[in-house]
Amino acid sequence: MEYDFEKLAREIVASRLPELEKAPEAAGEIAKKIITAAVLSTKGRQEARVTVAGVCRGVMSGMLMIDKNLPDAAVKVLQEMHAVSLAVHIEPGDLMTWGMEGIAAVGGLAGVETRQNVATALEESFMGVGPVFSEMCRKAEDGHAKARP
C-alpha cells in the first residue's frame, strides 16, 4: 500500500499559499512538516524515498498550480532537509536526492526555462547539485515520454 502524501502536499500548498507573499518559505516549511510526520508514521510500511519524493512532487506541483516561484521553492524545500534529517535519522544527502527526484518530476511540466532556472537556483545554493538535478529532469522526462501512448 502506498500512502499518497503527494496529493496531501499539493492540496495544502494550493489551498494555503496562493495569497502568501513568502510562499516559497512556506512551501519549505510544509514539506518539512509533512515529510517528518509521514516518514515517522509509515516506518516499515513505506520506503522513506517514496514518501520524500512524493511530498516534494506534491509541494512543487502545488506551487506550479498557483503560479509561484518554483526555483525559490525548490531551494527552500531542500534547505529543510537538514532539519528533517535530525528528526527522522536519515542522511541529509539521501533526503536531498529523493527530494530532487520529486522536484525533477514537476520540472518537465513547468517548461524548459523554468526547469533551467530551478537547476541554476539549486546549483547556486548547493554547489554541485545543478548537473545532478538536470540529469534527474532528463530521466523524469524520458519516463513521461515512455508512459505516453
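**The cavity and the core**

Analyst: By class, the lining of the largest cavity has seven nonpolar residues, one polar residue and no charged residues, where Ala, Val, Leu, Ile, Met, Phe, Trp, Tyr, Cys and Pro count as nonpolar, Asp, Glu, Lys and Arg as charged, and the others, Gly among them, as polar. This is a predicted model, in which local features need pLDDT of at least 70 and side-chain atom pairs count only at pLDDT 80 or more, while totals for chains, interfaces and linings use all residues. Residues are numbered from 1 along each chain as its sequence is written, and side-chain values use heavy atoms, with hydrogens and water left out.

User: How is a cavity found, and which residues line the largest cavity?

Analyst: Rolling a probe the size of a water molecule over the atoms shows where empty space is left. A cavity is a set of points, on a 1 Å grid over the protein atoms alone, where a 1.4 Å probe fits but cannot get out, and lining residues have an atom within 4 Å of a point. The largest cavity is lined by Met60, Leu70, Ile103, Val106, Gly107, Ala110, Val118 and Phe133, and helix 6 supplies the largest share of that lining, four residues.

User: Which residues have the most contacts inside the largest nonpolar core?

Analyst: In soluble globular proteins, nonpolar side chains tend to be buried together. Here the largest nonpolar core has 50 residues, and Met81 and Leu122 have the most contacts inside it; helix 2 gives the most to this core, with nine residues. Not counting residues up to four places away in sequence, Leu122 touches Ala74, Val75, Leu78, Met100, Val129 and Phe133, contact meaning heavy atoms within 4.5 Å. A nonpolar core is a set of buried (under 20% relative accessible area, 1.4 Å probe, protein chains only) Ala, Val, Leu, Ile, Met, Phe, Trp, Tyr and Cys residues joined through side-chain atoms within 4.5 Å.

Methods. Helices (H or I, at least four residues) and strands (E, at least two) are DSSP runs, numbered from the N terminus. On a 1 Å grid over the protein atoms alone, a cavity is a set of points where a 1.4 Å probe fits but cannot get out, and a pocket is an open set with protein on both sides within 12 Å along at least five of seven lines; lining residues have an atom within 4 Å of a point.
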